[in-house]
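Here are a few notes to keep beside you as you look around this structure. Take them in order, with the 3D view open.

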Amino acid sequence: MDVQTVESLSPERRRAFFERDAGVESIRGDVREILDRVRDEGDVALREFSSRFDGVDVGNIDVAAEAERAIEEVDGDVLAAIRTAIDNVETFHARQVPDDWREEIDGRELGRRFRPIERAGVYVPGGTAAYPSSAIMGIVPARVAGVDHVAVATPPAEEMNPATLAAIHEAGADAVYAVGGAQAVGALAYGTETVSAVQKVVGPGNKWVTAAKAEVRGDVEIDFLAGPSEVLVVADETADPALVAAELVTQAEHDPNASVVAVTDDPDLGAEIATEADRQAGERTREEIIREAFGHDASGVVVARSMSEATLFAEEYAAEHLVILADDDEAILDRIPSAGSAFMGPFTPVAAGDYASGTNHVLPTNGSAKLYGGLSVDSFLRSTTVQRLDEESLSALSETITTLAEAEGLDAHAESVRKRFE
């Protein structure tokens, strides 16, 4: 992992850091063809794509029964960990549920109410690793929001991972489908003979899943377009280089395209972080993936001239995971409004949020934290504004309403008010 100063970054390297993308544009045409076939051919297309892309001849697409049986197959300590994580995620997300409200404001009764969508689809990745945690993070907030029907799609396998299936069942999914990739997003969006269509598709996935979500957006709602995992660690001279390096290694093991960055105002610390990251990478089972992530231009150790410059770098980066290992961490956090999730202090690894602290790990990447936050109860709610005016309060507003309506050339709007006083 290389070490550079902020002022020495070339324009190309700055673009790599600050203009990250999910790499979906080059495959959107292929994804569109997959989605069209799923919409036209239903289960036949799902089975063909599972054979072609996953190497699995799928019998039953609906695997809810297998998910229920999985709780008998996983080790007791794994099942206990799944249940603890679910409890903690439920507790945190329950705090997010908004209350309906009505208030009288100058004689006008005004308010807002919140109602869940009826049907949500959660994508749970498979591939090179099993992700029971992603099942929990997608299903639980939907359940807490009050969604009636939560469907899960997860890639098929000759032997589907029992921990993932158990987590899906324990978290409370109503339907479980063995289908992955772009075809899974299409099935959830448009429905097939087996898969019921939903109103919103959420959850992380590879670039094929992301491209499919981009294509179906408008036909259904999605959460957001997520790219490879990323972390940015802000560290000052008080930080332990081993802990900084551990966070870089942790995110790098997800994906060779992961972006892992440390920024510090201490040149000696920067060099120690790079050395320690290289050492720790050699101890991990996914060393090859980690080193590939370390090697691309969106990863590295950056030395700033001051902590002010470091925080400016962090804000421009807008990390999915922001780790702050510094003496004045709260002040630094206040200066970095754009981050998916913030991890404060030496005893708060990103892994805590990934699994069990209670926060959600489905987070914006590629700088999108400047625009929106991660998956939450809000993701599954709709709001309706409510108003009731009496004769006196409408009369008080009538001149304002009619004047503006006529200024816009909408005389019927103005007349709708006047008629109430004839």
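1. R305 is exposed, because its relative accessibility of 59% is over the 50% cut-off. Bear in mind that this is a predicted model. The salt-bridge partner of R305 is E7, with 3.7 Å between the closest N and O atoms. R305 sits in the loop between β11 (300-303) and α13 (307-317), and E7 in the loop between β1 (3-5) and α1 (11-18), so this pair ties together parts 298 residues apart in sequence. E7 itself is partly exposed, at 47% relative accessible area.

2. Now find R32 and E215, whose side chains form a salt bridge with an N to O distance of 3.0 Å. R32 belongs to helix α2 (residues 28-41) and E215 to helix α9 (residues 207-216), so the pair ties together parts that are 183 residues apart in sequence.

3. R52 is exposed at 51% relative accessible area, while E48 is partly exposed at 32%. Elsewhere, salt bridges with shared partners join E25, R28, R32 and E215 into one network. Over the whole structure, the search finds 27 salt bridges.

4. Which residues of α5 are buried? They are L79, I82, A85, I86, V89 and H93. These residues cover an arc of only 125 degrees around the axis, so they are on the same side of α5. G76, D77 and T91 are exposed on the other side. The cover over the buried residues of α5 includes α6 (132-145), α7 (162-171) and α15.

5. Finally, look at H361, in the loop between α15 (350-355) and β14 (381-388). H361 counts as buried because its relative accessible area is 12%, under the 20% cut-off. A polar atom of the H361 side chain lies 2.8 Å from the backbone oxygen of D354. Leaving aside residues up to four places away in sequence, H361 touches S133, S134, M137, E320, G353 and D354.

Technical notes: Residues are numbered from 1 along each chain as its sequence is written. This is a predicted model: local features need pLDDT of at least 70, side-chain atom pairs count only at pLDDT 80 or more; totals for chains, interfaces and linings use all residues. Side-chain values use heavy atoms; hydrogens and water are left out. Helices (H or I, at least four residues) and strands (E, at least two) are DSSP runs, numbered from the N terminus. Buried means under 20% relative accessible area, exposed over 50%, partly exposed in between (1.4 Å probe, protein chains only). A polar contact is a pair of N or O atoms within 3.5 Å; within protein, one must be able to donate a hydrogen and the other to accept it, and residues adjacent in sequence count only if both atoms are side-chain atoms. Contact means heavy atoms within 4.5 Å. The arc is that of the directions from the helix axis to the C-beta atoms. A salt bridge is a side-chain nitrogen of Lys or Arg within 4 Å of a carboxyl oxygen of Asp or Glu.
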